[in-house]
Amino acid sequence: MTDTKKVNLLGLSPTKLIEFFESIGEKKFRATQVMKWIHQKGAESFDEMTDVSKALRAKLETICEIRAPEVVSQNISKDGTRKWIIRTEGGKNDCVETVLIPDGDRATLCVSSQVGCSLDCSFCSTGKQGFNRNLTPAEIIGQVWIAIKSFGPMDPNGPRRVTNVVMMGMGEPLMNFEPVVDAMILMMHDNAYGLSKRRVTLSTSGVVPKIYELIKRTDVSLAISLHAPNNPLRDELVPINRKYPIAELLEACQHYLANLPDKRHITIEYTLMSGVNDNEEQAHELAELLKDLECKINLIPFNPFPHSGYEKPSNNRTRRFQKILADAGYTVTVRTTRGDDIDAACGQLVGDFHDKTRRSQKYIELREVSQ
């Protein structure tokens, strides 16, 4: 007789954790106790849970576990950026990357949602590696758990070690909808990490139907990976645009904002590539495109990776692009490249995994032909 697989409590949302405790004949307040021990105090075993009865601890030990993904390595950049390579349940060759970016009293954690990426944006190193599978809720929230614990024992009364979480790592979050939603709910729950809904941001390339579904489940902040001011160029850079063109995407964004309980804006992410999408005409076109959307614009100078075919724009072109948008009334920031010495910059996350799509092999063959 084989052992029954233990339930990993790390990835259970508050609602699912209550349902679990009720299913084993326990009061639902036990879920709150255990949730605080796992997510606020970083407990790795049930023996640490001193306000839980010995009998329940023994029971939980038999049928449950607290299991985070395995950390293969942690690298720290000269600018303080930290990058973890994390092995998932898929095996030794299925790894994802997580990045923590400190900035004064802020520390933003960039979390992955898939092993690889199910989309194929032309300028993204992750996308060129192909796709293996979706991450589980435990593998997603486990990245937050690992990052906080990397600074030492957790202290729920101490300063926040992670102040912001962005679902901008490897993968398209809306293509792994339920696990991502469960993990984000934990990020914001008062008995877990207690992050503000303004400090948890989901970034999508434009899976339009899921944006409508998302607002029914949560009210996290939303970022859109736009990268082009018109459909022909975006079709080339972000292929999902062929299915959900810009007008449909912006309509979904308007719907999302209209149904938030407070006034907020959407972040537009725009990766600038030299000679591709960074000229003055395109800046004016972008300004016109977004005129009816409450948004701020985050310009991201392209971070090169081998054989990408794209180049980083000059500082002058970046500043001109920014000025045109600012003069049109937009709040525009230029993302500072962080962690590029450890390949942790935006668009550089790769991981190590078996590509079920064979996209990585096709990309390698194309590179060889072009050389």
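**Charged pairs and a leucine**

Trainee: Which helix holds K210 and E213?
Mentor: Because K210 and E213 are 3 residues apart in one helix, about one helical turn separates them. The model is predicted: local features need pLDDT of at least 70, side-chain atom pairs count only at pLDDT 80 or more, and totals for chains, interfaces and linings use all residues. Residues are numbered from 1 along each chain as its sequence is written, and side-chain values use heavy atoms, without hydrogens and water. With helices (H or I, at least four residues) and strands (E, at least two) taken as DSSP runs numbered from the N terminus, the helix at residues 208-217 is α7.

Trainee: What is the N to O distance in the salt bridge of K210 and E213?
Mentor: A salt bridge places a side-chain nitrogen of Lys or Arg within 4 Å of a carboxyl oxygen of Asp or Glu. The side chains of K210 and E213 meet in this way, with an N to O distance of 3.2 Å.

Trainee: How many residues apart in sequence are the parts that K149 and E44 tie together?
Mentor: The side chains of K149 and E44 form a salt bridge (3.2 Å, N to O). Because K149 belongs to helix α5 and E44 to the loop between α2 (29-39) and α3 (54-63), the parts they join are separated in sequence by 105 residues.

Trainee: Is L226 buried or exposed?
Mentor: L226 lies in the loop between β11 (221-225) and α8 (231-237). Residues count as buried under 20% relative accessible area, exposed over 50%, and partly exposed in between (1.4 Å probe, protein chains only). At 0% relative accessibility, L226 is buried.
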